[in-house]
Each structure stands twice: as C-alpha cells, then as structure tokens.
Amino acid sequence: MAERSEGLPEISCYIHAVSPVKKSNGSSYINCDLQTEAQVVRAVCFEVGKKQSLESLANQKSPVKIRNYTISKKYGREDVVITRKTNLIPTVVHYDYQELDKNISISTISHVAGEQLVRVKGEVQQLSSTKTVVFDEVPVKKQQCFIVDPSGFIKLVLYGKHADTLEEGKVFSFNRVRVKITKNERYVNTPKNESECVISPDESFTEALPSVETTVSPVLGGTGEILGVTNISKTQCCCSCNKKVVINGNLATCESCKIVQKARSCKVQWYLRLYIEVNGNNQQRLRLTAFNDTANKLLRIGNLAPTATHEEFTQCMLNLDPLFISYDIQTNKLINVDIIDI
Ligand SMILES: [Zn+2]
C-alpha cells in the first residue's frame, strides 16, 4: 500500500456515512466519507475506538479538522487513512453540510466526485442479460443498463442481489448508488455492501426523455488476467527533456540535449507486451501493449517502485489477481487497469 504520512495538510471536512465495523484479513476497520469544500473523499479508519466520535460528528453535522492521517492509493484513488495517531479536532468551516444522498438529476452526476453515493431516479433502458463475474474467487451476478431522466442518461451496473430486479421501460428510484469515474467513462454501480443500496419502483416521468445514444467505442473493457509477459523493457530518460540517455557508470548523458546527469536521477519509462486472458463479452486471449502510464499503474497495484527490476515486475504481474482492464481493439493498447473493487 503506497502511503505517505509527512507533510500532508490538515483536512477540514464534514463526516458522512460512518459504516459498521468491517473485517478483512484479520483487521477491523470502518469506512466513512469526508465532505471537504471541494470534493468528497473516502476514508478508512483502522482505529475502531474512534467509531463513536466519528458517528457523533456525523450525526451532529459538525465540521472537523483531521491531522496526522496518511493516504492510501491501494484502490487507485487517494483514500484518507485514520489511525490511532490521527487527531479529530472540532473546527469551523465557511461552507455548509450537504446531504450526500439527496435526489439528484442524472446530468448533475457529471459534477459529483467519484466514489460518492447518490440517489437518482430513472427509467431503465437497454437492460442487458445477466452474467457472472468472479470477485475474490466468489461468483457474483452482474447486469447493466442505462437509466434515463429528463436531464440525461448514465450507465448503471448492478451487482449481486440487485441483478435481475429491474424491468425494461420501468422507472425506479436508486437510493445510494456509487459514482464511478474511469479514464474512459463515468457511470454508477450498486455498492459492494449491497444492503446499503435500495432500489424501489417510482412514478413515470411526465416530461419527455432523451434517447440513449451510445456511440460505438473502440475501447472495450472487462476483467483480465495476465497469463504471460511477452516483452518487458525499461528505458532511462533525461531528467530534463525525457529523451534517451547513454549510461556510463554513475553518469548519464542525454543524446538529445547533452546534459550530463546522475544516472539515478533519470526517469524510468516502462514498456510492456502482455498476454492477457480477457473476460468481456466473450473470453479471448490477447496480446496487449502497455506504455509507461499503465505500466506504472501495474507497479502501484503490485506495491513496486518504478525502479523495480524486470524480474521483480514480471513476477509481480504474474501473481496479480484478475483486474478490470480496458483496451483499444484497434491498436491493442492496454488503456487502463484497476483492481477489482466494486
Ligand atoms: Zn535531455
């Protein structure tokens, strides 16, 4: 888990949605949401003794300053980690507490930060068949559709007990679905804690609804397991212009701008060719190319530094659980990878 603890500015926020105590791999924790002035971020608290304070701050809608926390990037986003050392200090802020689960229109989801739980009402369209995906070796039902209101439409992914509960053309209220933002799209899904979300039939809209326009994208997504590494290369680049350098002992000379620099200050650029089994609309095995951005994301998921060796990186990739992946079917470029965390 990439964490840093020094030099983090204190956070002023309101606390929302304190969860019951959860258990994972022998440790107990609580989740909550922090409403700062600019956004809502997720927090995880490993000090379950702080549950009561968090709950009373949430119930009283009292703003608080958070000091001495750390950040986890485990899930590809920056989660605030509250530990025994973290201080929660009552404070004053100049913005208001917002009801996070208030009914919002579909078009306003584009202004909402990722990972928030929202309540939307929409008509179900293009309801797919139900498939089974595997999370942590447990099969889970998955179904998707679009939900439409007079302001717009958005994709909804239903997991587990929420699959097979909707009907095409009917209107439902979706109370507490999670906003997900990836590089390629914005959508909502039912949260991992299924009972957090309540879906109930609602009245039809009296206004006209827009039609769902889904352009055919060359980007496909699914879950993928890395079966093999066809090619792995690491290039050291100039710390100034990013071009190739020639290494000579401790020194590196840029072929382009001619700066002589410390070899260890050079940036590292990874390039990968991977053999991946993809479970999307059908199962297939593909050779996909990952450039530096995506390679770095794989390094972070595997808790490795960009300076890892080829062997360390290869071994790490072949030990990873299946990931959510998206790739371009025309160029076979691996665009994004994410750990499976719904
Ligand atoms: Zn240079």
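This report walks through a predicted model of a protein, from its overall build down to single residues.

## The whole protein

Let us begin with the big picture. The protein has 342 residues, and 24% of them count as buried. Its C-alpha atoms fill a box of roughly 70 × 50 × 40 Å, taken along the principal axes. Three helices and 24 strands make up its list of helices and strands.

The domain assignment divides the protein into domain 1 (11-90), domain 2 (106-201) and domain 3 (219-238 + 267-339). The centres of domain 2 and domain 3, taken over C-alpha atoms, are 28 Å apart.

Now for some strands and their partners. Strand S4 (residues 27-35) and strand S5 (residues 40-45) form a hairpin, with four residues between them. Six bridges join S4 and S5 in the antiparallel sense, and one example is Leu34, whose bridge partner in S5 is Val41. S5 also pairs with strand S8 (residues 79-82), and here the two run parallel over three bridges. In that pairing, Cys45 has Ile82 in S8 as its bridge partner.

S6 pairs in the antiparallel sense with strand S2 (residues 11-16) over three bridges, and Ser12 stands opposite Lys65. S6 also pairs with strand S9 (residues 87-90), again antiparallel, over four bridges. There, Arg67 has Asn87 as its bridge partner.

The table collects some of these pairings, together with one that is described in the next section.

| Strands | Sense | Number of bridges |
|---|---|---|
| S4 and S5 | antiparallel | six bridges |
| S5 and S8 | parallel | three bridges |
| S2 and S6 | antiparallel | three bridges |
| S6 and S9 | antiparallel | four bridges |
| S18 and S19 | antiparallel | four bridges |

## A sheet of three strands

Three strands form an open sheet in the order S18-S19-S20, with antiparallel pairing. Which strands stand at the edges of this sheet? Strand S18 (245-248) and strand S20 (260-262) do, and each has a single partner strand, so one side of each is left without a neighbour in the sheet. On average, neighbouring strands of this sheet are turned by 30 degrees against each other, direction ignored. Four bridges hold the pairing of S18 with strand S19 (residues 251-254), and within it Ile247 has Ala252 in S19 as its bridge partner.

## A helix with a buried face

Helix H2 (residues 292-301) has these buried residues: Thr294, Ala295, Leu298, Leu299 and Ile301. Seen down the axis of H2, they fall within an arc of 165 degrees, so they line one face of the helix. An α-helix has 3.6 residues a turn, so residues three or four places apart point the same way. What covers the buried residues of H2? The cover includes strand S21 (267-279), strand S22 (283-290), helix H3 (310-318) and strand S24 (333-339). H2 is followed by Asn303, which has a positive phi near 60 degrees.

## A few single residues

Finally, let us zoom in on a few residues. Asn175 lies in strand S14 (residues 171-181). Asn175 is partly exposed, because 17 other C-beta atoms lie within 10 Å.

Is Arg176 buried or exposed? Arg176 counts as buried, because it has 20 C-beta neighbours inside 10 Å. Arg176 is not a glycine, yet its phi is positive, at about 70 degrees.

Asn242 has a positive phi too, near 70 degrees. Asn242 sits in the loop between strand S17 (219-237) and S18, and counts as partly exposed with 14 C-beta neighbours inside 10 Å.

Glu137 is found in the loop between strand S11 (131-135) and strand S12 (138-149). Glu137 counts as exposed, because it has 7 C-beta neighbours inside 10 Å. The C-alpha atoms of Glu137 and Trp270 are separated by 30 Å, and the two residues are 133 residues apart along the chain.

Terms used
Residues are numbered from 1 along each chain as its sequence is written. This is a predicted model: local features need pLDDT of at least 70, side-chain atom pairs count only at pLDDT 80 or more; totals for chains, interfaces and linings use all residues. Domain bounds come from an automatic or database domain assignment. A residue is buried if 20 or more other C-beta atoms lie within 10 Å of its own, exposed if 12 or fewer, and partly exposed in between; C-beta atoms are placed from the backbone. Two strands pair if DSSP finds at least two bridges between them. The arc is that of the directions from the helix axis to the C-beta atoms. Two residues are in contact if their C-beta atoms, placed from the backbone, lie within 7 Å. Axes are lines fitted to C-alpha atoms, for helices over the stretch in contact, and angles run from 0 to 180 degrees between N-to-C directions.
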